[in-house]
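Reader: I have a structure to study and would like to go through it by question and answer. Please show it first.

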Amino acid sequence: MRAHLPTYGQFLGAAEKGIAEKSHIRAQTFSVTPIELLGEDDKDLNIHGTGFFYKHNDESYLVTSWHNVSGLNPFTFEHMNKGGVVPKSLKFYSPLRVDYPDGRLQIFRVPVQISLWEEWHYPLWLEHPQFDELRIDLAAFPVPVEDSKLIPAWHVADGDDFDLLSIVGADIFVLGYPYKNYVGTMPAVWKRGSLASEPLISVDGRPMFLVDAASRPGMSGSPVFRHQFGPAVDKSMAIKLDNVVTTRFVGVYSGHLQSGVDELSLGFAWSSHLVEELVSMPKAATRRYVS
């Protein structure tokens, strides 16, 4: 007989008695949240993606893919969901840290719901200032102050003071939610891959790069991290010998290439500098229609 392991959701839902303060748990794991799309009367559309937290001028933002919130393909403006369903609101899960006197800590998730539209005519998300020209598949929302209990480490670029060298073939991780049976503390899944194109050379005339990783549709909007164990090299070719592990936010995963050859497992991601441009020079969104 073959023993069956519990599902991923059951595993993560096991009783948690608290985590030691010095446990080797990556902060990036909790900089990511599931995104659930809801319809009229808060109906669950059974559509989910991934989002992450980003800080700019001491304000926290939720960032995800534009196509997650609009329901449209950013390049064609065609509907991506069955029946042409357009989400009305989204739900994300903000991590909450609770510290105990004995040095243990526990992490909970607090659900937060955000409206996507004002009377179905005016989108409430922020777009990149060059969305019209480049169709940059990113959207952001300020995290409501009353709902934000985010510590600095739970933002994707926190601690990115080492400019880790990124070259084609280097290891990367896509952090997201390939399944919807997440429960408990909802830690993100780290899907390993590599840079499949030169990161300094644009793809299709757009600031994005290719990713060789077996990702899933629910990972749209996932942050992509360059990851290096042991000694690390920065862009000036200086070597830091005492690093155990170095991680740097390098992009946002958007989806698979429309090549018709799924076995290639080639996806694409938008360069990380676009997120800073989005939140520092945001463009008010307008409703788009099928062209």
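Reader: At about what angle to β18 does helix α4 run?

Author: The model is predicted: local features need pLDDT of at least 70, side-chain atom pairs count only at pLDDT 80 or more, and totals for chains, interfaces and linings use all residues. Residues are numbered from 1 along each chain as its sequence is written, and side-chain values use heavy atoms, with hydrogens and water left out. Helix α4 covers residues 273-280 and lies across β17 and β18; helices (H or I, at least four residues) and strands (E, at least two) are DSSP runs, numbered from the N terminus. Axes are lines fitted to C-alpha atoms, for helices over the stretch in contact (heavy atoms within 4.5 Å), angles run from 0 to 180 degrees between N-to-C directions, and the angle to β18 is about 45°.

Reader: In what order do the six strands close into a barrel?

Author: Two strands pair if DSSP finds at least two bridges between them. In this barrel the pairing is antiparallel. From one strand to the next, the twist averages 45°. The order is β11-β12-β13-β18-β17-β14.

Reader: Which residue in β14 stands opposite Val 174?

Author: β11 and β14 pair over three bridges, in the antiparallel sense. Opposite Val 174 stands a residue of β14, Val 224.

Reader: Why is strand β17 largely enclosed by the rest of the structure?

Author: Buried means under 20% relative accessible area, exposed over 50%, and partly exposed in between (1.4 Å probe, protein chains only). Strand β17 spans residues 245-256. It is largely enclosed because, of its 12 residues, the number buried is nine.

Reader: Which residue in β18 is the bridge partner of Gly 251?

Author: β17 and β18 (residues 266-271) pair over five antiparallel bridges. In β18, Gly 251 has as its bridge partner Ser 271.

Reader: Is Asp 161 buried or exposed?

Author: Asp 161 sits in the loop between β10 (139-142) and β11 (171-176). At 73% relative accessibility, Asp 161 is exposed.

Reader: What separates the C-alpha atoms of Val 63 and Val 279?

Author: Val 63 lies in strand β4 (residues 59-64). Val 63 is buried, at 1% relative accessible area. Its contacts beyond four places in sequence include Phe 52, Ala 139 and Val 275. Val 279 is 216 residues away along the chain, yet the C-alpha separation is 9.3 Å.
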